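Here is a short report on one structure. Look it over below, then read on.

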Amino acid sequence: MAVLTRFIHQPSALAGAVFLLVLAALATAAPWLTSSSPWEMNTQPMLPPFRDSAHWLGSDMLGRDLGSGLLYGARVSLAVGMLTSLATLLVGLLVGAVAGYFGGWLDGVLMRIAEFFQIIPQLVLAVILVAVLEPSLGSIVLAISLVAWPGVARLVRSEFLTLRQREFVQAARVLGQSPLGIISQQILPNALAPLLVTMTFVMATAVLTEAALAFLGLSDPEAMSWGYMINASRGLLRDAWWMSFLPGLAIVLCVLAVNRVGEGLRVAFEPGRSL
């Protein structure tokens with residue numbers, strides 16, 4: 001409760017959380033909020049914003065409604081961000097916990113594997129993986145998760161290396177608690193704070209990486225994406241600036257909101273911090 005109170009008392013973090021909740025609600029309600037599919041060409045091409053009450057954010061060069069594209073694009077970005085965060089958390093937590101708790105040769109092997117993934121630029125590795133696999137939301141989530149888990153694993157490992165020497169862990173060992181019980185009941189709850197903060201930044205990186213992959217033409221061809229919208233209109237910046245500006249603004253606001261939530265969580269979890 002104290003953590004929640006400290007979070008709420010940070011205006012920027014609270015604003016970021018409210019923005020993400022509203023965006024998620026709008027994305028979920030997209031079929032009811034818009035009367036057309038984001039792929040449907042049903043209006044005048046390159047219609048500027050606020051010129052038509054039925055398409056108040058305008059249209060692209062093929063007459064597709066930009067408002068509909070933004071709503072359905074939010075679905076893709078938020079889904080990729082959340083699924084990537086979950087997959088990264090599971091892999092990073094498993095590898096980091098095993099390496100940090102047991103140490104020894106197992107720690108060395110797992111950290112060398114993590115270093116292998118870290119020496120390759122993340123976007124380059126994601127592009128290669130999505131290109132090898134068939135472009136889809138599943139392959140995008142898999143590719144981003146594979147390049148993001150080493151950082152999470154290293155964080156979990158460092159927390160476990162510190163916490164496994166604490167008195168309460170030593171007492172659990174003396175009482176005969178199993179390694180799995182010590183990891184799940186003693187160490188993990190005390191390592192959750194920095195892990196939750198890190199996961200928000202993983203989500204922000206996933207949103208940006210998905211947009212970059214879509215811009216490069218490596219997104220799911222059946223899913224409307226903010227990155228795809230920018231890519232489709234990149235040659236019309238002078239004639240129809242809103243076609244690139246609106247999805248670009250959506251990406252900036254979404255990533256900024258996630259980062260503010262992460263920063264708010266970091267401050268809220270600081271021990272001994274007063275309101």
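## The main core

The largest nonpolar core has 35 residues, and Phe 7, Leu 66, Leu 70, Trp 226 and Cys 254 touch the most other members. Such a core is a set of buried Ala, Val, Leu, Ile, Met, Phe, Trp, Tyr and Cys residues joined through side-chain atoms within 4.5 Å. Buried means under 20% relative accessible area, exposed over 50%, partly exposed in between (1.4 Å probe, protein chains only).

At least two residues of this core come from each of helices H2 (11-28), H4 (66-102), H9 (179-215), H10 (226-232) and H11 (242-268). H11 gives the largest share, twelve residues. Helices (H or I, at least four residues) and strands (E, at least two) are DSSP runs, numbered from the N terminus.

## How the model is read

This is a predicted model: local features need pLDDT of at least 70, side-chain atom pairs count only at pLDDT 80 or more, and totals for chains, interfaces and linings use all residues. Residues are numbered from 1 along each chain as its sequence is written, and side-chain values use heavy atoms, leaving out hydrogens and water.

## Two residues up close

Leaving aside residues up to four places away in sequence, Phe 7 touches Ala 13, Leu 14, Ala 17, Val 261, Gly 264, Leu 265 and Ala 268. Contact means heavy atoms within 4.5 Å.

Ser 77 sits in helix H4. Ser 77 counts as buried because its relative accessibility is 1%. Not counting residues up to four places away in sequence, Ser 77 touches Val 207, Glu 210 and Trp 226.
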